[in-house]
Amino acid sequence: MTAGGRQCDDCTLCCKVMAIEELEKPASSWCPHCKPGRGCLIYPNRPSECQSFKCLWLVNDQLDQRWKPNKSKLVLTTSDDGIEIRCDPGFPDAWRKDPFRSEIYEWAVSGETHDVTVVVIVGQRMVLVTPDREFDLGVVQPDERIVREFEGSRIVNASVVKASDLEHEENERRRI
Ligand code: SF4
Ligand code: SF4
């Protein structure tokens, strides 16, 4: 796997931390086709999800070598809402070590201004990081969404609700 000037080389961490729907591979466990540190045993026939996947370190030179996933134990991606930081479950506190923690908090500060969420995922648990505090959201299912409450631009609360309930509320609001 390559992108720009960077290559995965000896990193295979996304094959552990990411869920792969096509293979029904859950997050946080090694893909049976992965030879950790070496690569994919079915590379020419790997699922399309794997073919299109690029972590942020691979494509963003601003993340220096310390952020290389197999060194940092962190795989960074973007979502519709912001930045997701997946921790290798074998190193659940990796994100709390510097320089990672400081940088993650800097993203949380600018995220609050620009409405970008910063979420750390350890195993199945999600933690929303804000400049003032961390919201441990527990296990967030694919059909659930994080709802934030604001005072001005400051996040004062966060909860998890079913996406279908949100849609229902939105439809009700439109009716009023
Ligand atoms: S986590 Fe990033 S650098 Fe590591 S194998 Fe996956 S895409 Fe490559
Ligand atoms: S199929 Fe290959 S690229 Fe995809 S998760 Fe498994 S080992 Fe990684």
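**Figure 1. The whole chain, to get your bearings.** Welcome to a predicted model. The protein chain carries six helices and eleven strands. Its radius of gyration is 17 Å, close to the 16 Å that the globule rule gives for 176 residues, so the chain is as compact as a globular protein of that length. Taken along the principal axes, the C-alpha atoms fill a box of roughly 55 × 35 × 30 Å. Of the 176 residues, 38% count as buried. The accessible surface of the protein chain is about 10500 Å², and carbon and sulfur atoms make up 48% of it. If you are curious about how the chain folds back on itself, look at the contacts with a separation of 6 or more: residues 24 or more positions apart account for 42% of them.

Figure 2. Phi of glutamate 24 is near 55 degrees, a positive value in a residue other than glycine. For serine 28, again a residue other than glycine, phi is positive too, near 65 degrees. Now consider their surroundings. Glutamate 24 has 72% relative accessibility, and because exposed means over 50%, it counts as exposed.

**Figure 3. The largest pocket.** This pocket has a volume of about 1400 Å³. Of the 47 residues that line it, Met18, Glu84, Arg86, Ile121 and Met126 are the closest to its centre, which makes them handy landmarks for finding your way around. Elements giving two or more residues to the lining are α1 (14–17), α2 (48–52), β5 (74–78), β6 (82–87), β7 and β10 (144–151). The largest share, six residues, comes from β10. Sorted by class, the lining of the largest pocket has 27 nonpolar, nine polar and eleven charged residues.

**Figure 4. The largest cavity.** A search of the whole structure finds three cavities of 30 Å³ or more. The largest cavity holds about 100 Å³ of space. Twelve residues line it, and those nearest its centre are Cys8, Cys11, Cys14, Cys55 and Pro69. Its lining divides into eleven nonpolar residues, no polar ones and one charged.

**Figure 5. The second largest cavity.** Here the space comes to about 50 Å³. Among the residues that line this second cavity are Trp107, Ala108, Gly111, Glu112, Leu128 and Ile155. Three elements, α5 (100–114), β7 (117–122) and β8 (125–129), each supply at least two residues of the lining. Which element gives the largest share of the lining of the second largest cavity? The helix α5 does, with four residues. By class, the lining has eight nonpolar, three polar and one charged residues.

**Figure 6. A cis peptide bond at aspartate 98 and proline 99.** The peptide bond that joins aspartate 98 and proline 99 is cis, with omega about 15 degrees. Proline 99 lies in the loop between β6 and α5.

Figure 7. Two residues are picked out here. Aspartate 136 has its place in strand β9. Leaving out residues up to four places away in sequence, aspartate 136 touches Arg125, Met126 and Val127. Glutamine 141 lies in the loop between β9 (134–139) and β10. At 39% relative accessibility, glutamine 141 counts as partly exposed. The C-alpha atoms of glutamine 141 and alanine 163 are separated by 9.9 Å, and the two residues are 22 apart along the chain.

How values were computed
Residues are numbered from 1 along each chain as its sequence is written. Chains are lettered from A and ligands numbered from 1 in the order in which they are written. This is a predicted model: local features need pLDDT of at least 70, side-chain atom pairs count only at pLDDT 80 or more; totals for chains, interfaces and linings use all residues. Side-chain values use heavy atoms; hydrogens and water are left out. On a 1 Å grid over the protein atoms alone, a cavity is a set of points where a 1.4 Å probe fits but cannot get out, and a pocket is an open set with protein on both sides within 12 Å along at least five of seven lines; lining residues have an atom within 4 Å of a point. Grid points are joined across faces, edges and corners, and a volume is the space filled by probe spheres set on the points. Ala, Val, Leu, Ile, Met, Phe, Trp, Tyr, Cys and Pro count as nonpolar, Asp, Glu, Lys and Arg as charged, and the others, Gly among them, as polar. The radius of gyration is taken over C-alpha atoms; the globule rule is 2.2 Å times the number of residues to the power 0.38. Buried means under 20% relative accessible area, exposed over 50%, partly exposed in between (1.4 Å probe, protein chains only). Contact means heavy atoms within 4.5 Å. Accessible areas come from the Shrake-Rupley method with a 1.4 Å probe; for residues, only the protein chains shown count as cover.
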